[in-house]
Amino acid sequence: MVAIGLCMIVVECRKHVSIKNRLGAGKNMTLHCQSKDNDLGQQNIANGDEFGWDFSDNIIGTTLFFCDVGWEKVEEYHFNAYSFGRDRVRCDGVGCSWLLSAEGIYGFNVQTAFWEFMFQWPN
């Protein structure tokens with residue numbers, strides 16, 4: 001078995017990203033996430049629902065999944081849902097949880113056990 005960073009090249013390397021719609025008042029959102037190699041397609045997510053996926057980091061530590069989200073007040077907003085450099089510690093090497101609210105986007109920090117305000121919607 002070969003060790004790469006904090007992870008072994010076996011099943012333990014699987015990560016999970018979850019994006020929760022908490023816009024409120026029955027507001028739906030559209031979400032389109034992808035990496036350089038994987039397009040997860042456009043998803044329509046009702047308020048209170050979530051979308052998630054599993055993946056493994058690449059061996060050179062450059063894994064990046066980015067998303068475009070849109071809803072009633074925001075036509076399209078781009079954010080990185082998983083970036084190896086930013087999230088391997090913040091998400092404790094397992095994956096990342098995002099909560100999209102009317103104020104903006106919160107990310108769960110496994111190290112502090114708090115939802116942190118990460119991105120504000122544009123005006």
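Two strands count as paired here if DSSP finds at least two bridges between them.

**View 1. The β7–β8 hairpin in a predicted model.** Here β7 and β8 make a hairpin with two residues between them. Strand β8 covers residues 74–83, and its antiparallel pairing with β7 runs over seven bridges.

**View 2. β7 and its pairing with β4.** Strand β7 (residues 64–71) also pairs with strand β4 (residues 29–34), again in the antiparallel sense, this time over six bridges. Look for Leu-31, which faces Val-69 in β7.

**View 3. The open five-stranded sheet.** Reading across, the strands go β6-β3-β9-β10-β11, and the pairing is mixed. The edges belong to β6 (50–56) and β11 (114–120); each has a single partner strand, so one side of each has no neighbour in the sheet. From one strand to the next, the twist averages 20 degrees.

**View 4. Close-up of β3 against β6.** Strand β3 takes in residues 14–22 and pairs with β6 in the antiparallel sense, over seven bridges. Ser-18 has Gly-52 in β6 as its bridge partner.

View 5. The protein as a whole averages a pLDDT of 89, with 89% of the residues scoring at least 70.

Key
Residues are numbered from 1 along each chain as its sequence is written. This is a predicted model: local features need pLDDT of at least 70, side-chain atom pairs count only at pLDDT 80 or more; totals for chains, interfaces and linings use all residues. Side-chain values use heavy atoms; hydrogens and water are left out. pLDDT is the predictor's confidence in each residue, from 0 to 100. Helices (H or I, at least four residues) and strands (E, at least two) are DSSP runs, numbered from the N terminus. Axes are lines fitted to C-alpha atoms, for helices over the stretch in contact, and angles run from 0 to 180 degrees between N-to-C directions.
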